Amino acid sequence: MTAIDTEHLPDPTPPGAKLSYDFAGFPWWLVGILATIAFPVYKLLTDETWNDGFLFIKDGLTLTFIVTFAGFAIAMVLGLGVSLARMSKRAVPRNIAMYYIELIRGIPVLVTIIMFGLVIVPWFFSRAGIDPQSTIGSKAIRASVAIGLIYAAFIAEVLRAGIESVEKGQREAGMSVGLNNRQVFRFIVWPQAIRNIMPALGNDLIALLKDSSLVSILAVREITQMSRLWTGRNFQFFTGFMILAAMYLTLTVGLSLLLQWYERRIATP
Amino acid sequence: MKNATRIFVLALVLGLVATACSSADESLEGRTVTVAIENLYPPFNFIDEVTGQGAGFDYDIWNEICSRLDCKAEFVEAVWPDVILETGDGVYDTAADGISITEERKEVVAYSDSYMTTIQKIMVRSDESRWATADEFFASNSKLGTQVGTTNYELATTLTNESNIDAFDLFPTAVLALLSGDVDAVIIDDVAGQGYVGEGNEGTKLLEGDLQSDPLGFIYAKGSELIDPVNEIIADMKSDGTMDKLIKKWFIDFKA
């Protein structure tokens, strides 16, 4: 007998237990979230004020997406560099990386955004003779870079933790079969590290999406700023911020489900 | 028992006397009136660099109103423009902050009579030579800074393309963006503009040309008991010269 015939094995769960297991395992939280989103959606389909608010605020989605995904791309590239420098045996890159991580983690996100967007960049532009109103100086780019610089520090630590979680023996085994450093990282360490990194990286992406609301302080017209403009002119604060909250919730929960699906896909079989 | 009766009668008599007094001259009987301000809108309200305390027109006028009405003004920092809805909901007794009287806002708050009128103007960097008047500025289609939820922002949307307007959460941030060149002008109430131009503030100047004139009023929750007594005091202060004195002190003589 070589393979177990699973089809004819008796069902280990008794009939009653199966029902209660499904009841407990059912994603009730998701039903709750959907119900929470359903209220504003119902209102905006039936109420003119809610509909007006949604149509006004949704124009900010483009910039919310730009800041989120451009910011995350910058954070990933820079963060990988910082994490490799942080793990370096050489003192100079390691200390520069540690300085950067502590600097960013030690300053509140909002303060960094104000500093970068309204103080440092304009100061640099005026010294370098760059027109702050040119495309390169646009608020969308400034906001994306600010968010990217901040999250690079967070992501660097996530990547480092993931890479260091791979046992030393794996590296040594790779070396012993004749792989060089680069090959060991690419084929042995990274595929194992990414499984440990993914959940934390997903959390950072969702946190970044939420923190993109902070760039509204730069007068960037993403969805938070759009709802500030809309409520500031008609005082429909309840409506405006319910719509805004529902939009963020839809985006973050959608992203979270997508990430959970991807984590299951790459999980160790 | 006898003592208790005596105290009760005494309290009743005192109560009657107090009621008689208050109806005679509109007294608020020493109650505290919470006045919402931002401390970010000179010369209406700001933190004095020397004393570290709040100062400005709003402080002086409400201390004066309260000294005449027998109340105690307590100044509370609030967030613009949310303060309008909060005051309408009764979070603060009133809000100062140089609030323009508009029909939209009347749907959520009650207004006092107007205590002064302001004119909206265009503020530019002091080395600006491209435009001499507000009309020339708007003809150029340049970037304009303003604050979220203000009549300045509302007016801006009628005078230029929405994509030319940067609306900041705080007024000083709009001025910062002007100085750094992110925007080329800021739309501002002339009286508030005085806090940013002139001596010690060589960075900015106002362009010729009045855009729109706005009456300013204090706001309350609808049905507030403060409305009538404060309106009487505002009328008194206008007729006895106190209002002119305060306006001269903060909007003409004062330099930030």
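In which loop of chain B is the place of B:Pro43? B:Pro43 sits in the loop that runs between β2 (40–41) and β3 (45–47) of chain B; strands (E, at least two residues) and helices (H or I, at least four residues) are DSSP runs, numbered from the N terminus.

This is a predicted model, in which local features need pLDDT of at least 70 and side-chain atom pairs count only at pLDDT 80 or more, whereas totals for chains, interfaces and linings use all residues. Residues are numbered from 1 along each chain as its sequence is written, and chains are lettered from A and ligands numbered from 1 in the order in which they are written.

**View 1. Cis peptide bonds of chain B.** B:Pro42 and B:Pro43 are joined by a cis peptide bond with omega of about 0°. A cis bond also leads from B:Trp80 to B:Pro81, where omega is near -5°. B:Pro81 belongs to the loop between β5 (71–77) and α3 of chain B.

**View 2. Positive phi at A:Phe235.** Phi of A:Phe235, a residue other than glycine, is positive, near 60°. The loop between α10 (223–234) and α11 (237–266) of chain A holds A:Phe235. A:Phe235 is buried, with 21 other C-beta atoms within 10 Å; the term buried requires 20 or more other C-beta atoms within 10 Å of the residue's own, with C-beta atoms placed from the backbone.

**View 3. Positive phi at B:Asp97.** Although not a glycine, B:Asp97 has a positive phi of about 70°. Most residues other than glycine have a negative phi, and most peptide bonds are trans. B:Asp97 lies between β6 (94–95) and α4 (103–106) of chain B, in the loop, and is buried, because 24 other C-beta atoms lie within 10 Å.

**View 4. The side of chain B that touches chain A.** In this view, 20 residues of chain B are in contact with 14 residues of chain A (contact: C-beta atoms, placed from the backbone, within 7 Å). At least two residues of this side come from each of α3 (82–88), β10 (165–168) and α7 (171–179) of chain B. By class, the residues of this side are 9 nonpolar (Ala, Val, Leu, Ile, Met, Phe, Trp, Tyr, Cys and Pro), 7 charged (Asp, Glu, Lys and Arg) and 4 polar (the others, Gly among them). The model scores ipTM 0.77 and pTM 0.79.

**View 5. Confidence along chain B.** The mean pLDDT (the predictor's confidence in each residue, from 0 to 100) of chain B is 88, and 87% of its residues reach 70 or more. In residues 16–24 of chain B the pLDDT is below 50, and this stretch has 3 contacts in the model beyond near neighbours in sequence. Where pLDDT is low, the predicted coordinates should not be read in detail.

Conventions. Contact = placed C-beta atoms within 7 Å. Buried ≥ 20, exposed ≤ 12 C-beta atoms within 10 Å, placed from the backbone.
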